[in-house]
Amino acid sequence: MASARGMMVYRAYRALTSGLSPLLRLHLRWRAARGLDHPLRWAERLGRASLPRPPGPLLWFHAVSLGEAMAAVPVIKHCLQKRPEVNILLTTTRMSAFEVLEDQLPSGVLHQLAPLDTPAAINAFFGYWKPSAIMIVESELWPNLIVGASENGVALALLNARMSAKSFERWSRLFLLPLISLMLSKFSLIIPLSNVQAIHFQLLQAPPLVINFSGDLKHAVGECYSSSKGVTFEGLKAQLAHKKVWMASSIHRGEEEVMLGIHKQLMQMHDDVVSIIVPRYPEHGREIYQELKKDGHNVALRSQHEKLEPGTNIYIVDTLGELRHLYRLTPIAVIGGSFVPGLTGHNMSEAAAAGCAILTGLHVGHFSHMVFQMQKVNPSSVLQVSGHDELVEVLHKLFTDAQVLKERQVAARQAFDALSGGVVGKVWNLIESHVLRRFLC
């Protein structure tokens, strides 16, 4: 009965998305014409491939954005080591995520922009690529994609599975619960991010036997990336030498006011402070830079390769994919997306891998699980602060007490080492036993 209700809701969704297809196509053309999407590859979102499909079995890894794609890369590398005969296709919704990861992906990994969740786009995608299995990373639960995979005999796995409180509340509604129950019934494997997430999926009627634990894949992100770009930071490293450096990373709109206010107070206490500000989105960084320049501040912009001349004490990073290098230049990392209500935090594992003292705000959303895990390993690994005043106090303490700073740096690295070990191997073993042995004999 529940399955029948789910199919009724799905058919209504399918009809709606089918009717909207012409409008979505026009929207994609509009975005491409204005430079908001790739001018040549936008049609991939309609399921139109731009690469030849190689012979042999193909695994499709789908990640919506950069963070999820980064979590997928260690699994992709492990997969190719264990199953070299398998082709790998990675999809993201934006080209920018692939451009950051391009030099990290093993040779031969294919990339396409993810198809829209319309019947025509999904059917075209499956018809061309014919994947044996789909590894969805985190939270991309789209009805046409999931039901279409099942109808095409494609295995489904959900890695690092999570669902925000808002999404859980929405899916729990009487009208949508049959649909999400139907979708989750199609999965051969769900690896939840935490016990709380596992309970969410169970309450949404995911089959209990497909839910298995492995650890958080985002802990595996910290050290799996290497790049020749690292050498381009040697000059900046020299410019930061003998300075009191801290970095506010992945900040969102509204948080720049907090961070710049903290910078101002720190400058009153220490005349050799350098604040590195890394907004979540590059365009936000350029806006901050322009405002600071207008107000007469000495500030340097990463994309323009501006140097930290004498008297310059703010460095704005308006580029993507460089956090792992920047963390190695600063002893202290303040993780943004956590100082304004409604935000949900960001990954701390890269900062921990670099041995930074880690500070974060209280609004960390599903990353509260990462905070809990790290603090369980070592209580000093992550410090949550209530806001502006406490953050200024803690930063001043870390600048003036080398022993406390060292303890927090060591604690963060210790937590990373404890939590990152073996995660990818555990995920792969679950994929092998629940997915590949059934669909890739």
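Trainee: Which helix gives the most to the lining of the second largest pocket?

Mentor: Happy to start there, with one reminder: this is a predicted model. The helix is α14, which gives 5 residues to the lining. Both α8 (195-203) and α14 (368-377) supply at least two lining residues each.

Trainee: How much space lies in the second largest pocket, and which residues are the closest to its centre?

Mentor: The space comes to about 240 Å³. Of the 14 residues lining this pocket, Asn195, His369, Phe372, Gln373 and Lys376 are the closest to its centre. By class, the lining has 7 nonpolar, 6 polar and 1 charged residues.

Trainee: How many cavities of 30 Å³ or more does the structure hold?

Mentor: A pocket is open, whereas a cavity is a set of points from which the probe cannot get out. Here the structure holds 1 cavity of 30 Å³ or more. The volume of the largest cavity is about 40 Å³. Its lining is made up of Glu138, Leu193, Asp216, Lys218, His366, Phe367, His369 and Met370. Sorted by class, that is 3 nonpolar, 2 polar and 3 charged residues. Note that His369 is in this lining and is also listed among the residues closest to the centre of the second largest pocket.

Trainee: Let me turn to helices. Which residues of α8 are buried?

Mentor: To read a helix, list its buried residues and then look at where they point. In α8 the buried ones are Gln197, Ala198, His200 and Phe201. They sit on the same side of α8, because the arc they cover around the axis is only 155°. Turned away from that buried side is a face with the exposed residues Asn195, Val196 and Leu203.

Trainee: What covers the buried residues of α8?

Mentor: The cover includes β5 (155-161), α6 (165-171), α7 (177-184) and β6 (189-192). Glutamine 197 has a relative accessibility of 6%, so it counts as buried, the cut-off being under 20%. Setting aside neighbours within four places in sequence, glutamine 197 is in contact with Ala161, Arg162, Met163, Pro192 and His366. His366 also belongs to the lining of the largest cavity.

Trainee: How many of the residues of α5 are buried?

Mentor: Helix α5 (residues 143-151) is mostly covered, with 7 of its 9 residues buried. Those are Pro143, Asn144, Leu145, Ile146, Val147, Gly148 and Ala149. For helix α4 (residues 119-129), the buried list reads Pro119, Ala121, Ile122, Phe125, Phe126 and Trp129.

Trainee: Where does glutamine 205 lie, and what is its phi?

Mentor: Glutamine 205 is in the loop between α8 and α9 (234-240). Its phi is about 75°, a positive value although the residue is not a glycine. With a relative accessible area of 40%, glutamine 205 is partly exposed. Another residue to look at is histidine 242, in the loop between α9 and β7 (244-251). Its phi is positive, near 65°, and histidine 242 is likewise a residue other than glycine. Histidine 242 has 79% relative accessibility, so it counts as exposed, the cut-off being over 50%.

Trainee: Which residues does valine 340 touch, not counting residues up to four places away in sequence?

Mentor: Contacts across the sequence show you what a loop packs against. Valine 340 lies in the loop between β11 (332-335) and α13 (349-353), and it touches Gly254, Glu255 and His363. Valine 258 is 82 residues from valine 340 in sequence, while their C-alpha atoms are 9.3 Å apart. Valine 340 is partly exposed, at 25% relative accessible area.

Trainee: Last topic: how many disulfides does the structure hold?

Mentor: A disulfide is a covalent bond between the sulfur atoms of two cysteines. This structure holds 0 disulfides. As for individual cysteines, cysteine 79 is buried at 0% relative accessible area, and cysteine 356 also counts as buried, at 0%.

Conventions:
Residues numbered from 1 in each chain as written. Predicted model: local features only at pLDDT ≥ 70, side-chain atom pairs only at ≥ 80, totals over all residues. Heavy atoms only, no water. Disulfide = S-S within 2.5 Å. Buried < 20%, exposed > 50% of the residue type's maximum accessible area, 1.4 Å probe, protein only. 1 Å grid on protein atoms, 1.4 Å probe; cavity = no way out; pocket = protein on both sides within 12 Å on 5 of 7 lines; lining within 4 Å. Points joined across faces, edges and corners; volume = space filled by probe spheres on them. Helix = DSSP H or I, 4+ residues; strand = E, 2+ residues; numbered from the N terminus. Nonpolar A, V, L, I, M, F, W, Y, C, P; charged D, E, K, R; others polar. Arc of directions from axis to C-beta. Contact = heavy atoms within 4.5 Å.
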